[in-house]
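Student: Could we go through this structure together? I would like to begin with burial and then turn to other topics.
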Amino acid sequence: LIASKFFFTGANANNLTNVQFVYLAVACAGVAVAVMFVFSKLPEVQETERSNSIIESGPIDEYGNEIEQGPLYKQYNMIFAFIAQFCYVGAQVTIGSFFLNYATENRSEEH
């Protein structure tokens, strides 16, 4: 909202060339992060250190029970998470589209 007041007011109201500078800045920030990773000194992990640090038992839940590694269709938490995410995105898109229709209809009635 703050950027829209700066970019799209006055003589720039119908000028979209200002938007290219925003995308250019985001692209430059991404390149800068990539360059930082290229030149940063990351620690080298040896295979022997990795194999020594692995715990022989599987992952443990908050109650101390070992979590089984099974097929994905038997992971009920994952299935419920997929369903919840699907419902959340569907509700978000539905509310967004209905709000746009509602706002457009009410705006035309006021004027």
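Tutor: Buried means under 20% relative accessible area, exposed over 50%, and partly exposed in between, with a 1.4 Å probe and protein chains only. Of the 111 residues in the chain, 2% are buried. This is a predicted model, where local features need pLDDT of at least 70, side-chain atom pairs count only at pLDDT 80 or more, and totals for chains, interfaces and linings use all residues. Residues are numbered from 1 along each chain as its sequence is written, and side-chain values use heavy atoms, with hydrogens and water left out.

Student: How many helices and strands are there?

Tutor: The chain has 4 helices and 0 strands, in the order α-α-α-α along the sequence. Helices (H or I, at least four residues) and strands (E, at least two) are DSSP runs, numbered from the N terminus.

Student: Which residues make the nonpolar surface patch?

Tutor: Val31, Val35, Val38 and Phe39 make a patch of about 430 Å². Areas come from the Shrake-Rupley method with a 1.4 Å probe.

Student: And Val38, where is it found?

Tutor: Val38 lies in helix α2 (residues 17-39). Val38 counts as exposed because its relative accessible area is 62%.

Student: Changing topic, how many disulfides?

Tutor: The count is 0 disulfides, taking a disulfide as a pair of cysteine sulfur atoms within 2.5 Å. Cys28 is partly exposed at 46% relative accessibility, and Cys87 is partly exposed at 47%.

Definitions and conventions
Patches are made of residues with over 30% relative accessible area and no salt bridge: like charges are joined within 9 Å, nonpolar side chains (Val, Leu, Ile, Met, Phe, Trp, Tyr) within 5 Å. A salt bridge is a side-chain nitrogen of Lys or Arg within 4 Å of a carboxyl oxygen of Asp or Glu.
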